[in-house]
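Here are my notes on how the pieces of this fold pack together. Have the model open while you read.

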Amino acid sequence: MLRIQYVKRGNHRIAFSLRGEPSSAPLLMIRGLARTSRHWGRIVGELEQRFRLVLIDNRGVGKSDVPLRPFTTADMADDAATVLDTLGLEQSNVLGISLGGMIAQELALRHPERVRRLVLGCTRAGGGTGKSVPWRTALELVRVMRLPAERAIRESAKLILSRDFLDQHPEVLDEWLEIARQSPPSRRGVIFQLLAAARHDTSQRISGLRVPTLLITGDADRLLDAENSRYLSRKIPGARLEFLPGAGHDFPTERATETAALLATFCLDA
C-alpha cells in the first residue's frame, strides 16, 4: 500500500506518494482524466527497480482536494512543481499520460529547469491541432460520465483499453472497480478535469520546448488518435516518437514491460 503524503498549494491539498530507492533517478508520474496514482498498476513495479517514483494525484481526484471552481492544466502543472519543491527535487524526469501529458507539457513550458527528460503518452497540444476525438466517441464519453460509478468504469474501459486486452485481462477492471469503491470519484472533480483538458492549448508554445522529449502512443487508441502524437513530434525540436502496435489509449496498463523499457532507455541510458 502506498503511503500518502500531502503538500498545500493555495487552498488545496495535493496528494502524492513515493516508490523506489531514494538514491535512484526521480521520475514524476502524472495520470490522466479521472485516474489516480493507484491506477498506474503493474508498471509501478517495473519502474521502481530503476527510478525513484513520485506518484501524484491531480487535483480533483484521489486523495487530492476537489476545488470549488474550475481549474486548468497550468494549475495542475504548478501543483506538480510544488510537489517537486516539497521533495527538494531541483529536476526530475517526467511522464504524463493523456490529460497527464497535457499537464506535463505545461510543466515543461512553465518550469523548464525542473524537467530533465519529458515523456508524453497518448496526448495532444490542443488548440485545434492534431485530430479531434471522433464525435461518436465524444458522445459515448459524455454518456458514460452520466452513469453510476461502477457502470461508468465498465463502459469507459471499452474506450481506453483495446478489445483484446480487455478480453484477456478482466482482472484489471476488477482492480479499477476496487479503487472506486475505496475512493469514490468526485463527479465535480472529473468534470473540472474534463474542462481543463478541453481548454488545454500549448499549440503556439510547444515549438519553444527545449527539453529532450519522447512521445509514446498506441496505434489502436480510440480516444486520442495517434496523429496527435505525430503532430507533437513534428513541433517539439528533436522529439522522438514510438508506436506500440495494437495498444489502446491506456498503453501503460496494456504494455507495462514495454513502456518501462522505453522509459529506462530514454531517461537513464541516453
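Predicted model: local features only at pLDDT ≥ 70, side-chain atom pairs only at ≥ 80, totals over all residues.

1. Start with the H5/H7 pair: the two helices cross in a right-handed way (right-handed if the near helix is turned clockwise from the far one by less than a right angle, left-handed if anticlockwise). H5 covers residues 149–160 and H7 residues 170–182; they pack at about 140°, with axes 10 Å apart. Axes here are lines fitted to C-alpha atoms, for helices over the stretch in contact, and angles run from 0 to 180 degrees between N-to-C directions. H5 and H7 are therefore oblique to each other (under 35 degrees is roughly parallel, over 145 roughly antiparallel, 65 to 115 roughly perpendicular, the rest oblique).

2. Who touches whom? On the H5 side you'll find Glu150, Ile153, Arg154, Ala157 and Ile160, and on the H7 side Leu173, Trp176, Leu177, Ala180 and Arg181, with contact meaning heavy atoms within 4.5 Å. Sorted by class, that's seven nonpolar, three charged and no polar residues (nonpolar: Ala, Val, Leu, Ile, Met, Phe, Trp, Tyr, Cys, Pro; charged: Asp, Glu, Lys, Arg; polar: the others, Gly among them).

3. Residues are numbered from 1 along each chain as its sequence is written, and side-chain values use heavy atoms, leaving out hydrogens and water.

4. Now H2 and H3. Their axes are 8 Å apart and the packing angle is about 70°, so H2 and H3 are roughly perpendicular to each other. This crossing, too, is right-handed. H2 brings Thr73, Ala74, Met76, Ala77, Asp78, Ala80 and Ala81, which meet Leu99, Met102, Ile103, Glu106, Leu107 and Arg110 of H3. The class count for this contact is nine nonpolar, one polar and three charged.

5. On to the sheet: eight strands, open, mixed pairing, ordered S1-S2-S4-S3-S5-S6-S7-S8. Strands pair if DSSP finds at least two bridges between them; helices (H or I, at least four residues) and strands (E, at least two) are DSSP runs numbered from the N terminus. S1 (5–9) and S8 (240–244) are the edge strands with a single partner each, so one side of each has no neighbour in the sheet. Neighbouring strands are turned by 25° against each other on average, direction ignored.

6. Two parallel pairs are worth a look. S5 (residues 92–97) and S6 (residues 115–121) are joined by five bridges, and Leu95 has Val119 of S6 as its bridge partner. H3 (residues 99–110) packs on the sheet, touching S3, S5 and S6, at about 145° to the direction of S5.

7. S7 (residues 213–218) and S8 are also parallel, with five bridges; Gly218 sits opposite Leu244 in S8. The chain gets from S7 to S8 through H9 (residues 227–235), a right-handed β-α-β crossover (with the strands pointing away from the viewer, the path from the first strand over the helix to the second runs clockwise).
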